[in-house]
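Here is my note on the model you sent. Please keep the structure open while you read. The points are numbered for reference.

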Amino acid sequence: MVNLPLNIDYKDKVVVITGAGGLICSAMAHAFAQSGAKVAALGRRLENVQALADEIKAEGFICEGYKANVLDPEELELARQAIHRDFGSVDILINGAGGNNPRATTDNEYQHEAKDGDKTFFDLDPSGVDMVFKLNFQGSLIPTQIFAKDMVEKKSGCILNISSMNAFTPLTKIPAYSGAKAAISNFTQWLATHFAGSGIRCNAIAPGFLVSAQNKSLLFNEDGTPTARSAKILNGTPTGRYVEAEELLGATLFLCDDRAASAVTGVVMPIDCGFSAYSGV
Ligand code: NAD
C-alpha cells in the first residue's frame, strides 16, 4: 500500500505501466490500483511484475503482470492482446522503463581531472551510448505506438513519460542519459501536439534525485555520511534532501486525470525539491 496523496477515482480505467517492477513505477502501480484502476504491470522479467501484481491483489485491488521488453514490439503486442482479454482497451500509458548504463558514463566530471586508466569521454563505448538512447527514447516511443492505438480509437487517453533533471541541464559523467532524457522531454511535447486532435494528452514528470538500491552506494558512505557527489546534489537542492518515490504520486495521479488536468498537455513537471529552480548561489 502507498499513502495516496490525492483522492481521484480511476475506477474502470485500464492503466499500462512499463518498467513496473522498478522503484518509481511499482509505487505508481500501487497508487493507480488503490485509486480503482485496472493496472497492467509490464516488465522484462515476468516473475518481478507477477510478484507486484500478487501483492496488489492481496490488498484487494486489481493488477496483472505481463512480460514485455519495451524494445520488443512483438512482446508488447502480445501484452496488449492479453490486456484486452483481461481488462479491455487501454486508457493510460505510463512509459516508466528507463535508466543509464555504466558503459556510457565517464569516471570524472572534468576531462582535466582524468588520470591514467580512467574512463574518459574518449573511451565511451558507442554501443553503451546506443543502449541508453534506445532504452529511454525508443523504449517510450515503441510502447506508445502499441498502446496509443487504443486511445486513438476511443478518442481519449493519456500518456505519461518520465524525464529527469538531466533533461533541463545535463549532469556530469552521464552524457547519453542526459541527452536521452532531453529527447524524452522533447518527445513529450511532440506527442502532445501530434495527438491533440485525437483526444489524447501527453505529459512528463521530471523527478529529482531519489535514493534507490542501485545508487545508494554512490550516494552514501558505509557510515551513512554523504559521498562527495551526494553532498553536491544536496547542496544544489534548496530543500537539502532527496525526493521520495511516493512524492511523485500526486503529480502522476493529477496529470493522468482527464478532469483535473483536462487542459494540461505537453508539460514536463519537475518534482525535485527545487533542484531545477536553484542556481547554486
Ligand atoms: P528502476 O531501475 O528501479 O526501474 C526501472 C525499471 O525499468 C526496472 O524495473 C527495469 O527492469 C526496467 N527496464 C529496464 N530496461 C527495460 C526494458 N528494456 N524493458 C522493460 N523494462 C525495462 O529505476 P527508477 O528509479 O524506478 O526509474 C524509473 C524511471 O524514472 C526511469 O525512466 C528513470 O530513468 C527515471 N528517473 C529516475 C530517477 C531516480 O532518481 N531514480 C530520477 C529521474 C528519472
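Which residues does threonine 252 touch, not counting residues up to four places away in sequence? The first point takes that up. Bear in mind throughout that this is a predicted model.

1. **Threonine 252.** Start inside helix H8, which covers residues 249-255 and holds threonine 252. Leaving out residues up to four places away in sequence, threonine 252 touches Tyr10, Met28, Phe32, Leu160 and Ile205. Its relative accessible area is 1%. The cut-off for buried is under 20%, so threonine 252 counts as buried.

2. **Phenylalanine 187.** Now go to helix H5, residues 175-194, where phenylalanine 187 is found. Phenylalanine 187 is buried too, with a relative accessible area of 7%. Set aside its neighbours within four places in sequence. Phenylalanine 187 is then in contact with Phe137, Ser140, Leu141 and Asn161. Phenylalanine 187 and alanine 204 are 17 residues apart in sequence, and their C-alpha atoms are 9.6 Å apart in space.

3. **The whole chain.** Step back from single residues. The chain has 8 helices and 7 strands. Its radius of gyration is 19 Å, close to the 19 Å that the globule rule gives for 281 residues, so the chain is as compact as a globular protein of that length. The C-alpha trace spans about 55 × 35 × 35 Å along its principal axes.

4. Of the 281 residues, 48% count as buried. The accessible surface of the chain comes to about 13400 Å². Carbon and sulfur atoms account for 54% of that surface.

5. **Contacts along the sequence.** Take the contacts between residues at least 6 apart in sequence. Of these, 73% join residues at least 24 apart.

6. **Charges.** The chain carries 24 positive and 31 negative charges, and the mean positions of the two sets are 4 Å apart. Side chains of opposite charge can pair when their charged atoms come close. Here the count comes to 13 salt bridges.

7. **Lysine 67 and glutamate 75.** These two form a salt bridge, with the closest N and O atoms 3.3 Å apart. Glutamate 75 is buried, at 18%.

8. **Glutamate 77 and arginine 80.** Their side chains meet in a salt bridge, 3.4 Å from N to O. Why are they separated by about one helical turn? Because they are 3 residues apart in helix H3, residues 73-86. Glutamate 77 is partly exposed, with a relative accessible area of 22%. Arginine 80 counts as buried, at 13%.

9. **Arginine 259 and aspartate 257.** The side chains of arginine 259 and aspartate 257 also meet in a salt bridge, at 3.0 Å from N to O. Arginine 259 is exposed, with a relative accessible area of 58%. Aspartate 257 is buried, with a relative accessible area of 6%. Elsewhere, salt bridges that share partners join Glu77, Arg80 and Asp150 into one network.

10. **Backbone angles to check.** Most residues other than glycine have a negative phi. Lysine 155 is not a glycine, yet its phi is positive, about 55°. Lysine 155 sits in the loop between helix H4 (126-154) and strand S5 (157-162). Lysine 155 is exposed, at 59% relative accessibility. Cysteine 273 is not a glycine either, and it has a positive phi of about 55°. Cysteine 273 lies in the segment after strand S7 (268-271). Cysteine 273 counts as buried, at 16% relative accessibility.

11. **Valine 281.** Finish with valine 281, also found in the segment after S7. Valine 281 is exposed, with a relative accessible area of 90%. How far apart in space are valine 281 and glycine 236, C-alpha to C-alpha? The distance is 9.1 Å, and the two are 45 residues apart in sequence.

How values were computed
Residues numbered from 1 in each chain as written. Predicted model: local features only at pLDDT ≥ 70, side-chain atom pairs only at ≥ 80, totals over all residues. Heavy atoms only, no water. Helix = DSSP H or I, 4+ residues; strand = E, 2+ residues; numbered from the N terminus. Rg over C-alpha atoms; globule rule 2.2 N^0.38 Å. Buried < 20%, exposed > 50% of the residue type's maximum accessible area, 1.4 Å probe, protein only. Contact = heavy atoms within 4.5 Å. Areas by Shrake-Rupley, 256 points an atom, 1.4 Å probe, with all protein chains shown as cover. Lys, Arg positive; Asp, Glu negative; His and termini not counted. Charge placed at Lys NZ, Arg CZ, Asp CG, Glu CD. Salt bridge = Lys/Arg side-chain N within 4 Å of Asp/Glu carboxyl O.
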